[in-house]
Amino acid sequence: MTDPQLALDIRGLEKTYAGARGEPPKHALKGIDLSVERGRIFGLLGPNGAGKSTLINILAGLVRKSAGSAIVWGFDIDQQPRNAKASIGIVPQEIYFDAFFSPREMLDLQAGFYGIAPGDRRTDEILAAVSLLDKADSYTRNLSGGMKRRLLVARAMVHNPPILVLDEPTAGVDVELRQNLWSYVRKLNRLGVTIVLTTHYLEEAEELCDEIAIINHGEVVACDATANLLNRLDKKVITIRPLCALASLPQALVAMGGCLNAAGEIVIRFSPSHLSVGEILQKLQELAIRIADLSTEESDLEDIFLQLTSVQETVQESAQESAQKSAQKIQAKGA
Ligand code: ADP
């Protein structure tokens, strides 16, 4: 039975691509189960080749599934393909449109594809929503990269779909534009649009998504509320700078998993479910160690992602970048 509150209900979805020119067939999706509640910002996270685009393309009616079922906003993609398709808007990763069309013409063309009569079109309203009304009649080739991205979002919204899928929306986009797009995605979500976002930027998923599914090699390896995922590793680090330098670390703190770093700070790696920050601070008090400063660090999505997608060579550039950044941070701290 389908839950009417679900935006997407995907059961046992499989896809095998026929191998081209003597290559073996590719089992790209190996039985995906996913439920996305209405009103969410849901993240599909996974390294390259994990199967994210295949999944989205099946939902959009662009790729035929090999097995399983998918229900989009209550419509089965096999039994009610038109309704299912009408319920979803896809914002593609690549920017491609005819440079000589204006944004207004592009949206009108798209509305025509969906059979929306001229009197029912919301062209100006949508252009205003993506702050492009003043560019409505310019050539799209004269738009900036950010404006083109927003125009892609506008085009996906023409038929007023309740679900918007953004495929790697900020890949190759600069930091400022990324922030703008994020705030725009939040705005759409507040207006009631369910958002599904594929990304390999861990920070993006952590920042935006209520819930995240991590996909690897065509399988869902984790699916949970972002906060629960982050709690999963049950690891925390507390770094304490003592007021007076310690010659060595008292045994009681070593027993708690502590060590002294090169800067003379006490670093304790602990599991919050077994030891609380309060207990650590109490121990410091008992040992008469006065604190000049302290900081704590939680595990982040990167740790979870690396743990779950353990095939190191497929780990995305962003994970590596942020791992390098963390290493630099640790080195800088230790220096
Ligand atoms: P992602 O979007 O997560 O990068 P894809 O869905 O594009 O992953 O790809 C999943 C797997 O399916 C990859 O191994 C990819 O090479 C393969 N694949 C994707 N499209 C095709 C296709 N048209 N024909 C054959 N194999 C494909």
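The shell around the ligand divides into four nonpolar, five polar and two charged residues. In this scheme Ala, Val, Leu, Ile, Met, Phe, Trp, Tyr, Cys and Pro count as nonpolar, Asp, Glu, Lys and Arg as charged, and the others, Gly among them, as polar. This is a predicted model, in which local features need pLDDT of at least 70 and side-chain atom pairs count only at pLDDT 80 or more, while totals for chains, interfaces and linings use all residues. Residues are numbered from 1 along each chain as its sequence is written, and side-chain values use heavy atoms, with hydrogens and water left out.

Which residues are around the ligand? They are Y17, K26, A28, P47, N48, G49, A50, G51, K52, S53 and T54; a residue counts as near the molecule if one of its heavy atoms lies within 4 Å of it. Two elements, β2 (26-37) and α1 (52-59), each supply at least two residues of this shell. The largest share, three residues, comes from α1. Helices (H or I, at least four residues) and strands (E, at least two) are DSSP runs, numbered from the N terminus.

I turn to the polar contacts, that is, pairs of N or O atoms within 3.5 Å. A polar backbone atom of A50 is 3.1 Å from an oxygen atom of the ligand. For S53, a polar side-chain atom lies 2.6 Å from a ligand oxygen atom. In the side chain of T54, an N or O atom is 2.5 Å from an oxygen atom of the ligand. Taken alone, the ligand exposes 560 Å², and the protein buries 63% of that; the areas come from the Shrake-Rupley method with a 1.4 Å probe.

The next topic is strand β9, residues 211-216. Six of its six residues are buried, meaning under 20% relative accessible area with a 1.4 Å probe, protein chains only. E211, A213 and I215 point one way from β9, whereas I212, I214 and N216 point the other way.

What are the partners of β9? Strand β3 (residues 41-45) pairs with β9 in the parallel sense over four bridges, where pairing requires that DSSP finds at least two bridges between two strands. Within this pair, I212 is the bridge partner of G43. Strand β10 (residues 219-225) pairs with β9 in the antiparallel sense over six bridges, and N216 stands opposite E219 in β10. The hairpin of β9 and β10 has two residues between the strands, and H217 takes a positive phi near 45° there.

How values were computed:
Polar contact = N/O pair within 3.5 Å; in protein donor to acceptor, adjacent residues only side chain to side chain. Buried < 20%, exposed > 50% of the residue type's maximum accessible area, 1.4 Å probe, protein only.
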